[in-house]
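I opened this structure for the first time today. These are my notes, in the order I looked things up.

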Amino acid sequence: MQVGCLGNIVFEVSSSTIKTISAFSHTGGTANYAIHSRVGAKELPEFTGISLDKCELEIVLSSYLGTNPFTEVRKIKRAKNAGKKMRLVIGNDYYGRFVITSYEQTASNYDRSKGVTVCTVRISIMEYPED
């Protein structure tokens, strides 16, 4: 059963595969202001817009849980390098379109024939507004 996705990176749970988000943080855009100096009066702020939302996702990839860590990390890397705009959905919540700005992979288990068998990937994403 699919529990969410970031574009073609699918978070799912089934009898043969477990690939879900283990940590998630979402930072809403901050309000931006230009500050105007005035003669003989206090400065005057002017609202100029909202900065972009940012999120961090942490996923654990394990070949013991039906996922190939190398294949999944390659998908993440390709999407980042291509600047691919992807929809972020977690459960029934649609967060919008995002691009991957960076990722960090930490391997915790290796196998002689398979290479990395368990790794944690922390993905940083930034909102890409829909016009």
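**Entry 1: a hairpin**

I began with S8 and S9, which pair in the antiparallel sense over five bridges. The model is predicted. The two strands form a hairpin, with two residues between them. I checked the turn and found Gly 91 there, with a positive phi of about 65°.

**Entry 2**

Next I followed S8 to S1. These strands pair in the antiparallel sense over three bridges. Gly 4 stands opposite Ile 90 in S8. I stayed with Gly 4 and looked towards S2, where the bridge partner of Gly 4 is Phe 11. Strand S1 covers residues 2–6 and strand S2 covers residues 9–13. They pair in the antiparallel sense over four bridges.

**Entry 2: the whole sheet**

What is the order of the strands in the open sheet? I read it as S3-S2-S1-S8-S9-S10-S7-S4, eight strands with antiparallel pairing. Strand S3 (18–19) and strand S4 (21–27) are the edge strands, and each pairs on one side only. Then I looked for what packs on the sheet. I found helix H1, residues 69–82. H1 touches S2, S3, strand S7 (54–62), strand S8 (86–90), strand S9 (93–111) and strand S10 (115–127). The direction of H1 makes about 140° with that of S9.

**Entry 3: the core**

I looked up the largest nonpolar core and noted 18 residues. Which residues have the most contacts inside it? They are Leu 6, Ile 100, Val 121, Ile 123 and Ile 125. S2, S7, H1, S8, S9 and S10 each give two or more residues to this core. Leaving out residues up to four places away in sequence, Leu 6 touches Phe 11, Leu 57, Met 86, Arg 87, Leu 88, Phe 98, Ile 100 and Ile 125.

**Entry 4: the cysteines**

How many disulfides does the structure hold? I noted zero. For Cys 55, the nearest cysteine sulfur is that of Cys 5, 13 Å away. A disulfide needs the two sulfur atoms within 2.5 Å, so Cys 55 is in none. Cys 55 is buried, because its relative accessible area is 2% and the cut-off for buried is under 20%. For Cys 119, the nearest cysteine sulfur is again that of Cys 5, 20 Å away, and Cys 119 is in no disulfide. Cys 119 is buried too, with a relative accessible area of 0%.

**Entry 5: Ser 124**

I found Ser 124 in strand S10.

**Entry 6: a loop glycine**

Where is Gly 29? I found it in the loop between S4 and S5. Gly 29 is partly exposed, with a relative accessible area of 25%. Its contacts, not counting residues up to four places away in sequence, are Ile 50, Ser 51, Leu 52 and Asp 53. I also checked a distance to the core residue Ile 123. The C-alpha atoms of Gly 29 and Ile 123 are separated by 18 Å, and the two residues are 94 apart along the chain.

**Entry 7: confidence**

Last, I looked up the confidence. The protein chain averages a pLDDT of 92, and 100% of the residues score at least 70. Among its elements, S3 has the lowest mean pLDDT, 87. Strand S5 (residues 31–38) has the highest, 96.

Note on methods:
Residues are numbered from 1 along each chain as its sequence is written. This is a predicted model: local features need pLDDT of at least 70, side-chain atom pairs count only at pLDDT 80 or more; totals for chains, interfaces and linings use all residues. Side-chain values use heavy atoms; hydrogens and water are left out. Buried means under 20% relative accessible area, exposed over 50%, partly exposed in between (1.4 Å probe, protein chains only). Two strands pair if DSSP finds at least two bridges between them. Contact means heavy atoms within 4.5 Å. Axes are lines fitted to C-alpha atoms, for helices over the stretch in contact, and angles run from 0 to 180 degrees between N-to-C directions. A nonpolar core is a set of buried Ala, Val, Leu, Ile, Met, Phe, Trp, Tyr and Cys residues joined through side-chain atoms within 4.5 Å. pLDDT is the predictor's confidence in each residue, from 0 to 100.
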